[in-house]
Amino acid sequence: TGGDAYSPMKQEDLAGAWLRIAEQARNQYTLAYAARPAPGGREYRRIQVRVNRPGVNLLARDGYFAGLPVR
C-alpha cells in the first residue's frame with residue numbers, strides 16, 4: 001500500500017529511524033471519500049491528488065481496487 005521501510009541494523013541506528021518516522025507522522029493528512037460500489041466484482045480505479053502549495057511533498061497511490069476481493 002506504499003510507505004517507507006526502516007530496518008536499523010544497530011541500536012544507535014534506531015534513534016535516527018524513530019526521528020524520521022516521528023517527523024513524517026507529524027506532517028501527514030489522510031483523505032477519504034465514499035465511491036459507488038463496483039458493479040460485478042473488483043474494478044481498478046485511478047485517483048489523482050493535487051496540491052496547490054509550494055514546497056509540499058505529496059505521496060499518493062495511483063489507484064485502488066474497488067469491490068470484494070476475488071477468492
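Guide: Here we go through a few labels and the values behind them. This is a predicted model, in which local features need pLDDT of at least 70 and side-chain atom pairs count only at pLDDT 80 or more, while totals for chains, interfaces and linings use all residues. Residues are numbered from 1 along each chain as its sequence is written, and side-chain values use heavy atoms, with hydrogens and water left out.

Visitor: What makes Arg 45 buried?

Guide: Buried means under 20% relative accessible area, exposed over 50%, and partly exposed in between (1.4 Å probe, protein chains only). Arg 45 has a relative accessible area of 10%, so the label is buried.

Visitor: Where does Arg 45 sit, and which residues is Arg 45 in contact with, leaving aside neighbours within four places in sequence?

Guide: Arg 45 belongs to strand S1; strands (E, at least two residues) and helices (H or I, at least four) are DSSP runs numbered from the N terminus. Contact means heavy atoms within 4.5 Å, and with those neighbours set aside, the partners of Arg 45 include Ala 35, Pro 37, Asp 62 and Tyr 64.

Visitor: Why is the meeting of Arg 45 and Glu 43 called a salt bridge?

Guide: The term asks for a side-chain nitrogen of Lys or Arg within 4 Å of a carboxyl oxygen of Asp or Glu. Between the side chains of Arg 45 and Glu 43 the N to O distance is 3.3 Å, so the pair qualifies. Searching the whole structure turns up one salt bridge. As for Glu 43, its relative accessibility is 24%, so Glu 43 counts as partly exposed.

Visitor: How many aromatic pairs does the structure hold?

Guide: There is one aromatic pair. Tyr 44 and Phe 65 form this pair, with 5.0 Å centre to centre and 65 degrees between the planes.

Visitor: Are Tyr 44 and Phe 65 buried, exposed or partly exposed?

Guide: Tyr 44 is at 40% relative accessibility, so it counts as partly exposed. Phe 65, with a relative accessible area of 49%, is also partly exposed.

Definitions and conventions
Phe/Tyr/Trp six-rings, centres within 6.5 Å; stacked < 30°, edge-to-face > 60°.
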